[in-house]
Amino acid sequence: MDPFQAALDAIFNGPGSLAASYQHSTGDFPTIRVLLARPDEAATFRASRIVQATYEVSVRKSEIYAPIAGAELTIPGQEFPQASGVITDRLRLTGDPMIDAEGLTWNCGAEPI
């Protein structure tokens with residue numbers, strides 16, 4: 001077994017990983033494991049600095065060969081607040097997914113639906 005793949009399996013099955021379902025117009029996938037991050041993003045505009053919370057999802061390439069922007073992830077047990085104040089357990093993938101250097105994990109931006 002590839003040592004990188006073995007380490008990645010341990011990470012995606014360990015604490016902090018979440019079960020999710022991935023849906024897209026091309027079909028539904030069985031339950032997958034994801035890592036969810038919520039990094040803050042800072043932007044400056046003249047003398048102002050704006051900090052915005054973002055969502056980032058990591059998915060193994062072995063589970064989703066090529067994530068598609070616009071696909072939806074449902075993560076039971078998680079709550080994602082929206083600007084409207086509504087709480088949801090669904091995220092929409094945004095932007096182009098980026099693969100890591102080893103070609104094993106996709107990193108995708110996301111937003112609450």
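Okay, hi everyone. Before anything else, please keep in mind that this is a predicted model.

Let's start with the overall picture. The chain has 1 helix and 11 strands. The C-alpha atoms fill a box of roughly 50 × 30 × 30 Å along the principal axes. There are 113 residues in the chain, and 30% of them count as buried. The accessible surface is about 7000 Å², with 54% of that belonging to carbon and sulfur atoms. As for charge, we have 8 positive and 14 negative side chains, and the centres of those two sets sit 5 Å apart.

Now, two residues. Ala101 is in the loop between β10 (90-99) and β11 (105-112). Is Ala101 buried or exposed? Its relative accessibility is 80%, and the cut-off for exposed is over 50%, so Ala101 counts as exposed.

Then look at Thr105, which lies in strand β11. Thr105 has a relative accessible area of 7%; buried means under 20%, so Thr105 is buried. What does Thr105 touch? Leaving out residues up to four places away in sequence, its contacts include Leu8, Phe12, Val59, Arg60 and Met98.

Arg60 takes us to the salt bridges. How many does a search of the whole structure find? The count is 4. In one of them, the side chains of Arg60 and Glu63 meet at 3.1 Å, N to O. Arg60 counts as buried, at 6% relative accessibility, while Glu63 is partly exposed at 24%.

Next pair: Glu72 forms a salt bridge with Arg90, and their closest N and O atoms are 2.6 Å apart. This pair links distant parts of the chain, with Glu72 in strand β7 and Arg90 in strand β10, 18 residues apart. Arg90 is partly exposed, at 30%.

Glu111 also has a salt bridge, with Arg92, and here the closest N and O atoms are 4.0 Å apart. Glu111 lies in strand β11 and Arg92 in strand β10, so this pair ties together parts that are 19 residues apart in sequence. Both ends are partly exposed: Glu111 at 36% and Arg92 at 29%.

And one last thing to find on the screen.

Notes. Residues are numbered from 1 along each chain as its sequence is written. This is a predicted model: local features need pLDDT of at least 70, side-chain atom pairs count only at pLDDT 80 or more; totals for chains, interfaces and linings use all residues. Side-chain values use heavy atoms; hydrogens and water are left out. Helices (H or I, at least four residues) and strands (E, at least two) are DSSP runs, numbered from the N terminus. Buried means under 20% relative accessible area, exposed over 50%, partly exposed in between (1.4 Å probe, protein chains only). Accessible areas come from the Shrake-Rupley method with a 1.4 Å probe; for residues, only the protein chains shown count as cover. Lys and Arg count as positive and Asp and Glu as negative; His and the chain ends are not counted. The place of a charge is taken as NZ of Lys, CZ of Arg, CG of Asp or CD of Glu. Contact means heavy atoms within 4.5 Å.
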